[in-house]
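Hello,

Here is the structure I promised to pass on. Have a look at it first, and then read on for what turned up.

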Amino acid sequence: MTAHTSLRGRHVLAVLASVAAIAAATATFALSGGSPGRAFPALVPAAAPAGWPHLTLPDGTAVLSYPPSLRPVSGDADSVSAAQVSPKGVFRLYLNATPRQGDEQLRGWAAFRLRLLTADDAASAHELAAAQDVAFRGGTGSCVIDTYVTRIGAHHYQEIACLVQGRTSASVIVAAAPAATWAQASPLLLRAVAAYQIR
Amino acid sequence: MSLTFIRSAAGAALLAVLAAGCGTAATAQHAATKPAAAAQPRHSAPAHAPVTTPTPPPATTAPAPATKAPASSANPIPQGNGGDQDPDNNGGPSDGDGNI
């Protein structure tokens, strides 16, 4: 009887230990947030489709092409922006190009961008994918795809932001859309990013 | 191996399972709250939210001792139509500036 009880006890312990190990492993993975290592979409530099308007940076160092469904919008004096905005003022598509202004570097660009987002206007920001040595028309860049929530309005956006180094200049191109519509918006936005030309 | 020990070990294992389960649930809850923020009405995107700034002390008062900068000083560009008045300072998408 004692031997039977001892055997049954060990069996129960073994089962419980297995369950605990599985649960702990699951919890650890969940708490780590999983891997952000999504595949970065292919960016093949190509001229913008015919009919796409262009905006040249005020310093003349890069050209942003944008779909005809977007319109130029105001921004920093040294940058150019185009957006599709709903009648109620909701940004549906957003493109921006800005000359490098600070300590942006190709190496570590993704971390820099996330830090800048949370230091500037985002309550939170999370990297989804990143890539280096991305070919651009006239240069090479580092890109990050991330999602963030704005401090004002708690708007949830997803973006691709690339620091592009040309022969004589460097600049940043940003393409964003509400996170909820990113899947639909991203092909057009990525097309605009692929058409970005730097000098 | 005594029955008491077995019960104690089983209890400890159960606690581990419960603790792990709580961690997973907390993470799931955290993730589930994100879409809620995103689901907020977006029509207020361009709204110029009021910015509350601390009222400066009267000029007649003695100089106040050095105080720590408010937490919001980590944000170099004021939000709520402040600073450069970019869309991203009003709830719009962030531009590519270097925060200069």
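A term to start with: two strands pair if DSSP finds at least two bridges between them. Helices (H or I, at least four residues) and strands (E, at least two) are themselves DSSP runs, numbered from the N terminus.

Before the details, please keep in mind that this is a predicted model, in which local features need pLDDT of at least 70 and side-chain atom pairs count only at pLDDT 80 or more, while totals for chains, interfaces and linings use all residues. Residues are numbered from 1 along each chain as its sequence is written, and chains are lettered from A and ligands numbered from 1 in the order in which they are written.

On confidence, pLDDT is the predictor's own score for each residue, from 0 to 100. Chain A has a mean pLDDT of 87, with 81% of its residues at 70 or more. Residues 18–35 of chain A stay under 50. Where pLDDT is low, the predicted coordinates should not be read in detail.

Now the layout. Chain A has three helices and 10 strands, in the order α-β-β-β-β-β-α-β-β-β-β-α-β from the N terminus. Chain B has one helice-type element, namely one helix, and zero strands.

A residue is called buried if 20 or more other C-beta atoms lie within 10 Å of its own, exposed if 12 or fewer, and partly exposed in between, with C-beta atoms placed from the backbone. By that rule, 40% of the 199 residues in chain A are buried, and for the 100 residues of chain B the figure is 17%.

β6(A) and β7(A) run antiparallel and are joined by 11 bridges; one of the pairs is S124(A) with V149(A). Two residues lie between these strands in their hairpin, where G138(A) has a positive phi near 95°. β7(A) also runs antiparallel to β8(A), again through 11 bridges, and C143(A) stands opposite C162(A) in β8(A). Their hairpin has five residues between the strands, and G153(A) in the turn takes a positive phi of about 85°. Of the 12 residues of β7(A), 11 are buried.

What packs against these strands? The buried residues of α2(A) do, meeting β6 (122–136), β7 (139–150) and β8 of chain A. Among them are W109(A), F112(A), L116(A) and D120(A). The expected span of a helix is 1.5 Å times one less than its number of residues; for the 12 residues of α2(A) (109–120) that gives 16 Å, which agrees with the 16 Å between its end C-alpha atoms.

Helix α3(A) (182–195) has 14 residues and reaches 19 Å, close to the 20 Å expected. There is a kink of about 25° centred on L188(A), where the bend is the angle between axes fitted to the seven residues ending there and the seven starting there. Its buried residues include A185(A), L189(A) and V193(A), and their cover includes β2, β5, β8 and β9 of chain A.

Finally, the core. A nonpolar core is a set of buried Ala, Val, Leu, Ile, Met, Phe, Trp, Tyr and Cys residues joined through C-beta atoms within 7 Å. The largest has 50 residues, and C162(A) and V193(A) are among those with the most contacts inside it. Two residues are in contact if their C-beta atoms, placed from the backbone, lie within 7 Å. Leaving aside neighbours within four places in sequence, V193(A) touches L43(A), I160(A), C162(A), I173(A) and A175(A) by that rule.

Best wishes
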